[in-house]
Amino acid sequence: MAASSRAQVLRLYRALLRESQRFSGYNYRTYAIRRIRDAFRENKSIKDSEKIEELVNKAKENLEIIHRQAT
């Protein structure tokens, strides 16, 4: 993975975790954080750049969803 895409993925991971902290309900908050961590751990060994790009786009969509639901 190129350094720029690695940095992009890490920024996205942090943004997802940060946004998930805004859920008011404890159960929603812990579930979202657990799912984010599990998804990133599960996909950390992927080397195919097309697959990485697809997963990054999916994570960006999820970030928008979390942002809408947390506000």
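User: What share of the contacts between residues at least 6 apart in sequence join residues at least 24 apart?
Analyst: The share is 63%. The model is predicted.

User: What makes two residues count as being in contact?
Analyst: Their heavy atoms must lie within 4.5 Å. Leaving aside neighbours within four places in sequence, Arg 37 is in contact with Tyr 13 and Leu 17.

User: How far apart are Arg 37 and Tyr 13 in sequence and in space?
Analyst: They are 24 residues apart in sequence. From C-alpha to C-alpha, the distance is 8.3 Å.

User: Why is Arg 37 called partly exposed?
Analyst: Its relative accessible area is 38%. Buried means under 20%, and exposed means over 50%. The value for Arg 37 falls in between, so the residue is partly exposed.

User: Where in the fold is Arg 37 found?
Analyst: Arg 37 is in helix 2, which covers residues 26-42. The chain has 3 helices and 0 strands. Along the sequence, the pattern reads α-α-α.

User: How much of the chain counts as buried?
Analyst: The figure is 25% of the 71 residues.

Note on methods:
Residues numbered from 1 in each chain as written. Predicted model: local features only at pLDDT ≥ 70, side-chain atom pairs only at ≥ 80, totals over all residues. Heavy atoms only, no water. Helix = DSSP H or I, 4+ residues; strand = E, 2+ residues; numbered from the N terminus. Buried < 20%, exposed > 50% of the residue type's maximum accessible area, 1.4 Å probe, protein only.
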